[in-house]
Amino acid sequence: MKKIHISGLAILGAGSMFAQQPNIIYIMTDQQTAEAMSCVDSTYVSTPNIDKLAKDGIRFTNAYCAAPLSGPSRFAMFTGVAPGAEGMLKNNVPFPEQLKEKTLGNLVSAAGYLSAYAGKWHLPEASLPVGEKSFGFISLHDHNDYGLTESCIRFLKQKHDKPFFLVVSFDNPHNICEYARNQVLPFAEIKEPDLEDCPNLPANFSPAPYEAEIIRLEQQVHFPTYPVIDYTRDDWRRYLNAYYRLVETVDNEIGKIIDALVELGLYEDALIIFSSDHGDGVAANKWNQKSALFEEIVNVPFIVKAPDAFSGNVKRPELINAGLDLLPTICDYAAAEIPAHCTGKSIRRLVEQENSEEIHSFVVTETMFDKSTTRGWMVRTPHYKYVLYDKGKYREQLFDMQADRRERINLAVEKKQSGLLNRHREILNQWIADNHIETTGREIIPAE
């Protein structure tokens with residue numbers, strides 16, 4: 001196994017310099033699409049605190065989740081392993097025994113850190129009562145956005161004799177799921193404005209021509225998951241209002257943590273990473289929730305504020321896997337072991353070196369719809385996005401992501417694009433083989 005060593009331990013304290021092993025804070029939301037930040041588009045949402053992290057750090061515009069579902073995505077984050085390689089494509093699947101001692105918290109703790117976790121896990125066996133230890137982390141707060149920030153601030157105010165790794169995991173804007181089902185929101189309150197004050201519909205509101213047939217079949221069969229099937233345009237506008245207000249609710253909580261870090265003199269020297277486990281349909285293609293491989297769902301926010309970043313307020317277009325690359329990146333900064341089974345890569349040099357080359361020529365997102373057996377894969381290359389579902393008509397999609405980021409024109413139906421289509425098929429087939437992903441073989445399309 002690959003090991004990284006340091007020459008000495010850092011001396012800690014408010015305002016101290018400890019570049020060798022910085023304090024690390026990973027702030028994670030649930031179901032936040034990459035564009036739901038006012039540093040990207042301030043038309044309908046205001047996120048001044050997330051924007052501050054972007055202003056002080058590096059924002060990766062082409063970051064993709066490993067899987068567009070909470071459990072599988074978080075499995076990738078904390079193991080560095082593709083979910084499909086371990087049969088972890090559904091929520092609440094038993095955690096593989098052989099990986100339990102090589103999870104992110106254990107690895108960073110073994111490098112000399114105090115590791116603490118507050119909030120939502122959504123991994124089997126991980127969520128334990130406050131004060132108990134799970135996957136290398138001391139539990140600070142359970143799955144509840146209320147009181148989560150305060151528990152983290154109490155932790156930050158404690159005297160630490162070693163560097164700390166703090167995970168701050170919010171549930172919101174995931175409450176949009178309850179909103180769509182007309183349920184009581186567990187961790188937020190939404191005031192319904194007049195319709196005229198709600199966001200307008202996105203430009204790609206209507207499903208695109210040659211959309212994968214399985215998308216609407218899933219929506220029709222699993223109504224409890226997708227209750228929006230009978231939504232009017234006005235309903236969708238109210239949905240968008242609720243979603244953006246939930247994003248603002250969690251941004252306010254993030255601001256309290258940033259303020260505490262600044263007040264305690266811990267902000268400047270800390271490594272702070274902000275991301276989300278997956279996005280939301282946000283009315284594009286008349287879709288809510290996740291699982292599908294639409295851009296709004298798989299493209300997630302990823303911001304790194306690091307003490308040794310080459311600059312601040314920088315947008316980087318390089319491809320990264322927000323799930324698989326997280327563990328090796330944090331382990332790199334923590335001087336911790338990076339297990340050989342990790343398939344992601346540290347993005348540290350993209351943060352610290354302005355002229356660094358890309359670390360990935362492509363990234364893959366894999367999915368299995370939560371209430372069915374439908375599977376799918378996305379291959380994102382610098383210029384294109386290839387999508388394959390395992391059943392239905394038009395199950396192959398190919399989009400030019402420079403000219404058609406809203407995914408309106410499916411190039412896979414054009415014969416003249418066969419060479420480009422084959423190249424992406426080859427990439428996917430090789431990735432499936434390299435990562436030992438179990439398939440029947442019938443769903444995979446070989447290059448011609």
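**Pockets, cavities and a sheet in a predicted model**

Colleague: Which strand supplies the largest share of the lining of the largest pocket?

Modeller: Strand 2 does, with three residues. This is a predicted model, in which local features need pLDDT of at least 70, side-chain atom pairs count only at pLDDT 80 or more, and totals for chains, interfaces and linings use all residues. Residues are numbered from 1 along each chain as its sequence is written, and side-chain values use heavy atoms, without hydrogens and water.

Colleague: Which other elements supply at least two residues there?

Modeller: Besides strand 2 (58-64), helix 7 (233-263) and helix 8 (295-298) each supply at least two residues of that lining. Helices (H or I, at least four residues) and strands (E, at least two) are DSSP runs, numbered from the N terminus.

Colleague: How much space lies in the largest pocket, and which residues are closest to its centre?

Modeller: The largest pocket holds about 520 Å³ of space. It is lined by 30 residues, and those closest to its centre are Glu-35, Asp-41, Tyr-244, Glu-296 and Arg-406. On a 1 Å grid over the protein atoms alone, a pocket is an open set of points with protein on both sides within 12 Å along at least five of seven lines, a cavity is a set where a 1.4 Å probe fits but cannot get out, and lining residues have an atom within 4 Å of a point.

Colleague: How does that lining divide by class?

Modeller: The lining of the largest pocket has 17 nonpolar, six polar and seven charged residues. Asp, Glu, Lys and Arg count as charged, Ala, Val, Leu, Ile, Met, Phe, Trp, Tyr, Cys and Pro as nonpolar, and the others, Gly among them, as polar.

Colleague: What about the second largest pocket: how much space lies in it, and what lines it?

Modeller: About 370 Å³ of space lies there. Its lining comprises 23 residues, with Asn-91, His-122, His-174, Lys-290 and Asp-370 nearest the centre. By class, seven are nonpolar, nine polar and seven charged.

Colleague: Changing topic, how many cavities of 30 Å³ or more are there?

Modeller: A search of the whole structure finds two. The largest has about 130 Å³ of space, and 15 residues line it, of which Glu-211, Ala-212, Phe-294, Gln-397 and Phe-399 are the closest to its centre. Strand 12 (384-389) and strand 13 (396-400) are the elements that give two or more residues to this lining, which divides into 10 nonpolar, three polar and two charged residues.

Colleague: And which strand gives the most to the lining of the second largest cavity?

Modeller: That is strand 5 (residues 137-141), with four residues. The second largest cavity has about 50 Å³ of space, and its lining includes Tyr-117, Trp-121, Phe-137 and His-141. Six of the lining residues are nonpolar and four polar, with no charged ones.

Colleague: Over how many bridges do strands 10 and 11 pair?

Modeller: Strand 10 and strand 11 (residues 375-380) pair over six bridges, in the antiparallel sense. Within strand 11, Trp-377 stands opposite Glu-366.

Colleague: Finally, how many helices and strands are in the chain?

Modeller: The protein chain has 11 helices and 13 strands. Its C-alpha trace spans about 60 × 55 × 40 Å along its principal axes.

Key: Grid points are joined across faces, edges and corners, and a volume is the space filled by probe spheres set on the points. Two strands pair if DSSP finds at least two bridges between them.
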